[in-house]
There are 2 protein chains.
Amino acid sequence: MSQTAGGEPREGGLFLEPPELEGYLGLALKVDRVLFHKKTPFQELHVVEAGPLGRVLLLDGAIQLTTWDEPAYHEMLAHVPLLTHPDPKRVLIIGGGDGGTLREVVKHPGLQRCDLCEIDGEVIEAARRFMPGVAAAMDHAKARVLVEDGLAFIKKAEASYDVILVDSSDPQGPAQGLFGPDFYRDVKKALKPGGLAVSQAESCNFFGPLLKDMFGFLGGLFPLTLYYLALVPTYLGGTIGFALNSLGPDPLAARPAGRRLAGLGRLRYYTPALHRAAFALPAGYREFLSDAMARRQLGEG
Amino acid sequence: MSQTAGGEPREGGLFLEPPELEGYLGLALKVDRVLFHKKTPFQELHVVEAGPLGRVLLLDGAIQLTTWDEPAYHEMLAHVPLLTHPDPKRVLIIGGGDGGTLREVVKHPGLQRCDLCEIDGEVIEAARRFMPGVAAAMDHAKARVLVEDGLAFIKKAEASYDVILVDSSDPQGPAQGLFGPDFYRDVKKALKPGGLAVSQAESCNFFGPLLKDMFGFLGGLFPLTLYYLALVPTYLGGTIGFALNSLGPDPLAARPAGRRLAGLGRLRYYTPALHRAAFALPAGYREFLSDAMARRQLGEG
């Protein structure tokens with residue numbers, strides 16, 4: 001078989017995601033149909049259909065989610081911090097315009113309100129139209145969906161949230177500011193006492209220098225910073241990382257069980273055993289972690 | 001960027017690994033140089049050079065290992081059972097002609113002998129020539145390297161090994177028999193009392209029906225069968241599974257520490273925390289596991 005793999009998803013064609021590792025490793029996706037394509041003010045947006053992968057959201061050519069495996073990412077981003085916090089009532093999602101993280105957050109019975117602040121309204125519209133199962137909670141009574149720049153929104157918030165979830169795309173394009181120290185100073189200020197923030201934090205395999213830099217400033221800013229992993233087969237390398245920053249509660253001391261866990265219903269990925277296991281990192285991640293993180297997450301010293 | 005991705009690795013070209021999920025998801029690899037190509041009596045063998053991935057061994061077009069990330073697979077296949085067993089002296093590797101698993105096994109100070117039984121002598125020769133860091137232990141005093149069919153070899157062994165490692169390629173071509181019940185009856189017979197066998201067991205994402213079938217007969221054959229995972233970014237989906245079968249020792253009760261762990265030297269992937277964490281599976285794996293496995297590995301019941 002020999003096919004042309006290109007930078008634009010085409011019906012019946014093989015689409016090549018922009019490769020990583022200096023262009024040496026990439027994912028190829030067979031596309032049945034292009035359901036939607038738009039150049040928004042912020043990025044190039046595609047929704048395609050791809051056989052058993054279901055529907056796929058692409059931003060600037062990078063796979064954001066497939067309806068086949070999206071629960072892994074959304075459940076681990078939401079439930080790890082929400083089941084670590086003793087009583088999360090107010091939650092903020094920055095990014096996450098597809099609605100998958102919001103859908104998981106509103107499952108928590110004690111929640112009072114979840115604000116979702118997405119910079120690109122077209123992502124929200126595309127998800128509502130083409131991925132109704134992902135966008136299912138957009139009209140939930142406890143959800144407030146805002147189309148606004150997260151960098152500006154967070155500056156106005158002060159001690160407002162129990163949990164903040166940064167559900168961003170890669171650190172190019174509109175999400176760039178969400179990986180820098182100024183933003184995280186604002187995130188810290190926006191948390192209530194004892195609050196937690198978790199951010200999409202890429203993969204050590206492909207974003208080592210970025211993560212080394214991030215964990216450097218996060219460790220100086222928050223009392224507790226940890227890195228944890230979820231398995232997402234449709235992301236290159238199959239692993240996505242999350243940076244967890246806490247003003248108090250410790251995810252490794254949490255014992256998720258009982259009524260709060262049962263309230264989430266049947267999950268596709270998260271389990272209480274994985275809640276802990278996700279923080280056990282390969283030895284080679286040592287070089288990207290701060291000393292405090294390595295001591296806890298690699299069992300050193 | 002638009003490039004031709006094809007089924008044959010070519011210099012300066014983009015090579016597309018045979019895709020999974022009905023052909024909808026595949027890995028693309030940029031190739032600098034084809035160092036070696038041979039049609040052996042068993043399979044098509046390539047060794048290529050691919051920038052930061054280093055050297056890559058392909059069998060019938062499927063990536064077997066890259067020198068960039070091979071320690072994850074080899075360390076987890078070898079050290080999880082060897083550090084679970086109280087005193088492994090005799091080890092057998094079936095397959096594993098590249099030598100990476102052997103290299104990890106001979107690190108264990110208490111080892112008396114490790115037999116390696118590879119059906120395709122060309123794999124051994126290619127690894128010796130082009131991947132000396134992987135094939136490093138081929139001439140080790142405790143290693144005995146045999147070019148022979150593992151299915152025939154195992155029939156002759158009786159209560160001979162403390163640990164058997166099945167380091168195979170995918171269940172097409174020469175490795176097919178290594179995924180069936182007849183072979184595992186022979187493996188059980190070849191183990192000493194209290195022995196363990198671990199096999200490369202693909203990914204639930206792409207080989208669900210095969211694994212459901214395998215865990216079905218393994219659960220009836222061995223007192224303890226468990227599934228565990230390692231993260232290998234150059235395998236499609238990023239996760240490889242291992243089937244662990246034990247006549248006694250329980251990997252989740254093992255507490256690897258002290259002299260035996262220190263004897264392994266500096267590892268790139270394995271840690272004692274990962275030894276346990278690797279057995280915590282996503283909830284969705286439920287449908288591929290036996291009831292006994294699900295109870296232990298998903299924390300059910």
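This is a predicted model: local features need pLDDT of at least 70, side-chain atom pairs count only at pLDDT 80 or more; totals for chains, interfaces and linings use all residues.
Residues are numbered from 1 along each chain as its sequence is written, chains are lettered from A and ligands numbered from 1 in the order in which they are written, and side-chain values use heavy atoms, with hydrogens and water left out.

Next, show polar contacts across the same interface. Ten residue pairs of chain B and chain A qualify, both residues at pLDDT 80 or more. Such a contact is a pair of N or O atoms within 3.5 Å; within protein, one must be able to donate a hydrogen and the other to accept it, and residues adjacent in sequence count only if both atoms are side-chain atoms.

Now colour the side of chain B that touches chain A by element. β1 (2–6), β2 (14–16), β3 (25–30), β13 (224–231) and α8 (272–277) of chain B each supply at least two residues. Helices (H or I, at least four residues) and strands (E, at least two) are DSSP runs, numbered from the N terminus. The largest share, six residues, comes from β3(B).

Click on Leu25(A) and you will find Leu29(B) opposite.

Then superpose the chains, by least squares on the C-alpha atoms of residues with pLDDT of at least 70 in both. A rotation of 180° with 0.0 Å of shift along its axis brings chain B onto chain A (RMSD 0.0 Å). That is the relation of a two-fold axis.

Last stop: select Glu122(A) and Lys38(A), a salt bridge whose closest N and O atoms are 3.1 Å apart. Glu122(A) lies in helix α3 (residues 121–130) and Lys38(A) in strand β4 (residues 33–39) of chain A, 84 residues apart.

Terms used:
Two strands pair if DSSP finds at least two bridges between them. A salt bridge is a side-chain nitrogen of Lys or Arg within 4 Å of a carboxyl oxygen of Asp or Glu.
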